[in-house]
Amino acid sequence: MSDFDQVVRGGVVVTGADAVRADVGIWGGTVAAIGQDLDTSGAQVIDAGGLLVMPGGIDTHCHIEQLEPDGTSYEDTFEIASAACFAGGTTSVITFAAQFKGQRLGPVLAEYHRRAALGMVDYSFHQIINDPFDAVIAEDVPEVVASGVRSLKVFLTYDDVRVNDRQYLRVLAAARRAGALVTVHAENYDAIGWLTEALVKAGMTAPKYHPWGRPTVVEREATHRAIALAELIDQPIQIFHVSGPGPAEEIARAQARGLKVWGETCPQYLVLQAADMDRPGFEGAKFMCSPAPRGKAETEGLWEAIRAGTIDVISSDHSGHSFSKEGIGKRRFGTDVPFTQIPNGVPGLAARLPIVFSEGVSKGRIDLQAFVRLTATNPAKLFGLYPRKGTIAPGADADLVLWDPAKKVTITNSLMQHAIDYTPYEGLDVTGWPVATIARGQVVMRDDVVTAEPGSARFLARGPYDMIKPRGVFPNGFDTSAIMI
Ligand code: URP
Ligand code: ZN
Ligand code: ZN
């Protein structure tokens with residue numbers, strides 16, 4: 001009798017370091033063994049002949065059922081977003097709990113745990129800090145981090161939710177004391193406001209002017225500033241959604257100086273262009289996200305930054321805004337509105353792995369192991385989920401994606417399995433597709449059919465870990481985070 005409940009037999013097992021033909025034995029939802037010709041007697045055999053067997057994807061930046069300051073919410077529920085994740089080979093997410101002005105963090109986080117109750121994909125949260133008042137900094141941040149939410153998120157732009165530099169410093173210092181990573185949306189708020197006012201006054205208000213209002217330089221400046229202020233506090237940070245080589249260069253320089261700064265990008269910056277927003281009428285709204293997609297040269301520069309390791313995580317930044325429904329999503333404020341009033345963000349939970357695989361591995365830009373590192377292993381390491389998640393090794397959760405590297409698919413919205421009525425990737429041809437997803441030993445997707453049980457998700461509480469420990473180096477030798485200001 002075999003030692004395993006299931007054996008995934010005959011595939012090529014790919015981790016961040018290796019690609020070897022082997023079987024994977026699973027017992028009690030965790031990986032029990034990897035080896036040749038494992039004993040299958042009495043075990044369920046999952047045939048992986050001709051397939052790659054990779055760690056399930058980890059999407060560390062996706063907006064699921066997230067509230068907006070006006071009380072509306074991103075449209076995908078945790079349940080539907082989970083189906084989209086499994087459809088695309090992703091088995092863990094880190095989404096957001098959003099604080100707005102005047103709110104204490106405890107009730108905010110409790111509300112997001114409530115929302116996640118019917119989810120199926122394992123999850124954690126980044127705590128968004130919008131209003132770092134005294135009690136939030138002194139009491140709430142330590143409590144939230146101790147509960148396993150070991151990353152904070154700040155926006156340096158967007159009316160209503162951004163923090164100014166002084167507030168950002170406060171959040172950095174609070175994170176340092178509590179032992180959390182800070183993630184940053186880095187664009188210059190005032191520069192965007194200035195440019196936007198000029199564009200609106202000049203009557204340049206169509207969706208195609210969205211990228212004009214936030215050119216690379218505003219991202220580059222804010223990335224530099226986000227890093228400089230993090231250096232002042234000696235606090236590790238990750239820069240979210242890097243759109244091109246300009247801001248990536250700022251990160252590379254910081255890394256070369258030994259700072260704990262990491263960079264993330266997203267599929268939209270690898271396959272969409274600013275020109276996609278230049279379409280008749282409201283159509284360009286489908287592609288509007290911030291930072292804005294750039295051009296083909298920037299995309300190649302981004303791949304160089306990925307190969308160099310400057311950018312080491314690719315997440316989706318999934319944002320569930322429908323396109324065609326009146327009064328919600330992209331049309332929340334109507335269609336006859338300037339680009340400033342069109343909600344930002346594009347959906348992409350299910351498209352992430354196929355796009356990165358196709359554009360990266362199938363087109364020869366990266367190898368298989370790099371694909372796994374970018375989409376699973378590195379996010380797991382950076383956010384304190386490794387080695388339980390993000391690899392295939394004895395003791396790890398049996399989160400696997402069985403992948404056909406030769407399957408050609410044209411992306412269409414019905415394949416995305418989200419609640420959103422469009423995908424910005426409609427019509428994109430990809431080579432490489434997930435044929436089965438296994439979450440903690442359960443087959444939750446096979447041939448595009450998701451079979452998971454609502455409520456089967458587990459919260460991933462993240463304890464302290466070395467990677468995000470501050471360096472103990474201060475510009476003037478003075479640790480300001482030791483003082484509560
Ligand atoms: O345009 C985007 N990225 N929308 C989602 C919110 C954010 O900035 O991450
Ligand atoms: Zn952002
Ligand atoms: Zn985002």
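Searching the whole structure turns up 3 cavities of 30 Å³ or more. A cavity here is a set of points, on a 1 Å grid over the protein atoms alone, where a 1.4 Å probe fits but cannot get out. The model is predicted, so local features need pLDDT of at least 70 and side-chain atom pairs count only at pLDDT 80 or more, while totals for chains, interfaces and linings use all residues. Residues are numbered from 1 along each chain as its sequence is written, chains are lettered from A and ligands numbered from 1 in the order written, and side-chain values use heavy atoms, without hydrogens and water.

The largest cavity has a volume of about 90 Å³, taken as the space filled by probe spheres set on the points. Its lining includes I227, D234, K260 and R471; lining residues have an atom within 4 Å of a point. Helix α6 (residues 216-233) contributes most to this lining, with 3 residues.

Now the ligand. Ligand 1 is surrounded by 13 residues, each with a heavy atom within 4 Å. The closest are Y158, H185, S290, D317 and G345.

Polar contacts are pairs of N or O atoms within 3.5 Å. A polar side-chain atom of H63 is 3.2 Å from an oxygen atom of ligand 1. For H61, the corresponding side-chain distance to a ligand 1 oxygen is 3.4 Å. G345 uses a polar backbone atom, 3.2 Å from a ligand oxygen. Alone, ligand 1 exposes 260 Å², and the protein buries 98% of that (Shrake-Rupley method, 1.4 Å probe).

Technical notes
A polar contact is a pair of N or O atoms within 3.5 Å; within protein, one must be able to donate a hydrogen and the other to accept it, and residues adjacent in sequence count only if both atoms are side-chain atoms. On a 1 Å grid over the protein atoms alone, a cavity is a set of points where a 1.4 Å probe fits but cannot get out, and a pocket is an open set with protein on both sides within 12 Å along at least five of seven lines; lining residues have an atom within 4 Å of a point. Helices (H or I, at least four residues) and strands (E, at least two) are DSSP runs, numbered from the N terminus.
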